[in-house]
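Here is a friendly walk through a protein structure, written for someone meeting one for perhaps the first time. Please keep the picture open while you read.

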Number of protein chains: 2
Amino acid sequence: MEGKSNIFTIASRTGYSVSTVSRVLTGQAEKYRISKKAIDLISETARQVNYQPNLVAQSLRTKQSKTIGLLVPGIDNPFFATLSGIIIKLLADRGYHTLLADSRESDVEEEMALQMFAGRKVDGIISVPVAASAELHEQISRDIPMVLIDRHFNHTSLPYVCTDNYLGARMATDFLLDKGYKSILAIQGVPTSMPNQERLRGFTDAIKGKPVHYAVVGNAFSVENGHDEIMNCFSDGARPFDAVFAFSATILLGAIDAFRRLNIEVKRDVGIISYDNNGFLDFLDPAVTRIEQPLREASEIAVETLFGIIDSRREGLPEPTVCQRLIPPTLVVRSSC
Amino acid sequence: MEGKSNIFTIASRTGYSVSTVSRVLTGQAEKYRISKKAIDLISETARQVNYQPNLVAQSLRTKQSKTIGLLVPGIDNPFFATLSGIIIKLLADRGYHTLLADSRESDVEEEMALQMFAGRKVDGIISVPVAASAELHEQISRDIPMVLIDRHFNHTSLPYVCTDNYLGARMATDFLLDKGYKSILAIQGVPTSMPNQERLRGFTDAIKGKPVHYAVVGNAFSVENGHDEIMNCFSDGARPFDAVFAFSATILLGAIDAFRRLNIEVKRDVGIISYDNNGFLDFLDPAVTRIEQPLREASEIAVETLFGIIDSRREGLPEPTVCQRLIPPTLVVRSSC
DNA sequence: AAGCTTTGCTCAAACGATTGCGCAAAAATA
DNA sequence: TATTTTTGCGCAATCGTTTGAGCAAAGCTT
């Protein structure tokens, strides 16, 4: 009834010791040969007093919190929101709870979050890192199993599962080239971020040696950036490019908005292709051709990998070989180019 | 250095007792008249061994977890993603962490989440409830301070802060009427959900007594629902309505898609207005007139209210008067009607 | 010099669980 | 009946903190 029942309450009400109660309640009755009578009485009493184990005390004693820390750089970004939704569900299915932190693309907030995870004694961490250096992540991962998702570091032994941004960008660019576009404007996001670098590399590699004019501009995964760069390039009637490759859906939106202002019609006047998962892109007119990342698959692998490490460390087994996976994205063809 | 330093390590390295160390490290040095020498030595040693307090042990002892449970019905829904982002930030600013659970619109998952929050001894709960009955929420709220956001229950004393869905729907409908539309189709979401009921009431009240033809269809806050209902009503050239009021952005998208298939042009052939915050709606063509909910303001009030309860309970003061707020939404006029 | 205050710290008991070890009673075996 | 084995359970330490109470030494007062 009261929200204050603990293992001791049950012990005194049943006349058994706390040890026995604990063993029954944690399902260790067999192992310790508790009588059926005791089991029944204790279970029944526990139900009556509406016993809820104190997970804090449990964590302290067992050194298992049944909690995973999830660190994303912006939960309000639909991409990470979707990703989080999938991961939270996968964790819940395994009986784990999620402590969510948002670094908001700031490395000091990231550091605070990681320290908090460590203090909270989470059993594992799934992180979309923002820091330039792997140092802190590596340090923490010595104590706590960790896997990176969506972004990773160069030259690190941390396990990660990301989509192959290089490949995705090549696919996008090749598609444009196949369609016969002759001059392509790439609008990039944060230049230092790993996905951006890979996309850029994919783009330039794809275009290398082809008789195609191109340029790369931009510096943020934002609507404004997309808008501004289009305004710069296409103002006063200029038509320097016949196709645009937006490195994110946000950039794309800004670009579309700018084109509308400039009275340039997408598809007829200029082809457009974008990166990112975003079902919304289907509702634009024309619907936008894009590179989609297999979020579910990536999440599943990441979670799988994480528990692989957790389990092996718990058992004292040698760690599984570090999983560093790049998953190929898919090209979703619509009518924007 | 090692990740295993605790208060005891520091005690033995400095020669002081754990009590003294604890008091220094929790900033209670003054209060207990610890010498400056001790303070300096202990702090310095703590830094050297990279001491991180074990928050689990701390929670157990102090009965304060510095954690708030946040329960949403679908983190992958941009609306709740945005809301969560704001709330997480507000909590972090106050030094609180967020345990996020996703009920996925299921009341059994909601129940599990709430029980989990209770077991985890969170200091407070912010919930977007999905259950039909307030019972469980009310029960839990006796132990743990709680505030509802976005949705609430009828006849409950639980504090909540929601946007005024009735008012929003009236505003939307009045706007359509002012514009001279004569026959309006409302596509609703989950009929049993509180926001939907209020929106429906607002819609019918606004239309009552006006010389206007109308209908209400639909049953889910989904793209499919929007699509299907439009297909039903407008198929084979029928034009039974000159305006559509979509009760959510998802519904709206489905509707737009259907109109496109039917070769019906939004704005010229039919006016459209929508509910929900979604910056994306500005990038549709035409941009969609809509009712936006002041998420930031609501979140701030909710967090404020929650800490009001937390603080007063901690101090043993009488609880603040129950805060039940309806915040007026705003009409964002674009060109879709 | 005796008594009173202040200073600076330590002791030990919580918080609510888990768990290795041990032990009495009952049952089985000899 | 004496011994061994099994059954069923309890004792007490432990996880890493916090905190009320207490106490010796130093300083002050008269």
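The report below goes through the sheets, the helices on them, the contact between the chains and the salt bridges.

## A sheet that runs through both chains

Keep in mind that this is a predicted model. Start with the open sheet of 12 strands, whose order is β11(A)-β5(A)-β4(A)-β3(A)-β1(A)-β2(A)-β2(B)-β1(B)-β3(B)-β4(B)-β5(B)-β11(B), with mixed pairing. What stands at the edges of this sheet? There you will find β11 (324-327) of chain A and β11 (324-327) of chain B, and each has a single partner strand, so one side of each is left without a neighbour in the sheet. From one strand to the next, the twist averages 20°.

Strand β2 (residues 97-102) of chain A pairs with β2(B) in the antiparallel sense, over three bridges. One pair to look for is A:T98 with its bridge partner B:L100 in β2(B). Within chain B, strand β3 (residues 124-127) and strand β4 (residues 146-149) also pair over three bridges, in the parallel sense. Here B:I125 stands opposite B:M146 in β4(B).

## A six-stranded sheet in chain A

Chain A also has an open sheet of six strands, in the order β7-β6-β8-β9-β10-β12, again with mixed pairing. The edges belong to β7 (213-217) and β12 (330-332) of chain A; each has a single partner strand, so one side of each is left without a neighbour in the sheet. The twist averages 15° from one strand to the next.

For a detail inside this sheet, find strand β9 (residues 271-275) of chain A, which runs parallel to strand β10 (residues 289-292) of chain A and is joined to it by three bridges. In this pair of strands, A:I273 stands opposite A:T289 in β10(A).

## Helices on that sheet

## Where the chains meet

The size of an interface is often given as the accessible area lost when the parts come together. Chain B and chain A bury about 4100 Å² between them, with 65% of it on carbon and sulfur atoms. In chain B, the residues that lose the most area to chain A are B:R120, B:F280 and B:F283, together 19% of what that side buries.

In terms of contacts, 46 residues of chain B touch 46 residues of chain A. Between the chains there are 12 residue pairs in polar contact. Several elements of chain B each supply at least two residues to its side, including α4 (55-62), α6 (107-119) and α7 (135-143). The most comes from α5(B), with six residues. By class, this side of chain B has 17 nonpolar, 17 polar and 12 charged residues.

## Salt bridges

How many salt bridges cross the interface of chain B and chain A? The rule finds zero there, while the count over all chains comes to 34. One of them is between the side chains of A:D311 and A:R314, at 3.2 Å from N to O. Both A:D311 and A:R314 lie in helix α12 (residues 295-315) of chain A, three residues apart, about one turn of the helix.

Key. Residues are numbered from 1 along each chain as its sequence is written. Chains are lettered from A and ligands numbered from 1 in the order in which they are written. This is a predicted model: local features need pLDDT of at least 70, side-chain atom pairs count only at pLDDT 80 or more; totals for chains, interfaces and linings use all residues. Side-chain values use heavy atoms; hydrogens and water are left out. Two strands pair if DSSP finds at least two bridges between them. Helices (H or I, at least four residues) and strands (E, at least two) are DSSP runs, numbered from the N terminus. Axes are lines fitted to C-alpha atoms, for helices over the stretch in contact, and angles run from 0 to 180 degrees between N-to-C directions. Contact means heavy atoms within 4.5 Å. Buried area is the accessible area (1.4 Å probe) that two parts lose on being put together, summed over both. A salt bridge is a side-chain nitrogen of Lys or Arg within 4 Å of a carboxyl oxygen of Asp or Glu. A polar contact is a pair of N or O atoms within 3.5 Å; within protein, one must be able to donate a hydrogen and the other to accept it, and residues adjacent in sequence count only if both atoms are side-chain atoms. Ala, Val, Leu, Ile, Met, Phe, Trp, Tyr, Cys and Pro count as nonpolar, Asp, Glu, Lys and Arg as charged, and the others, Gly among them, as polar.
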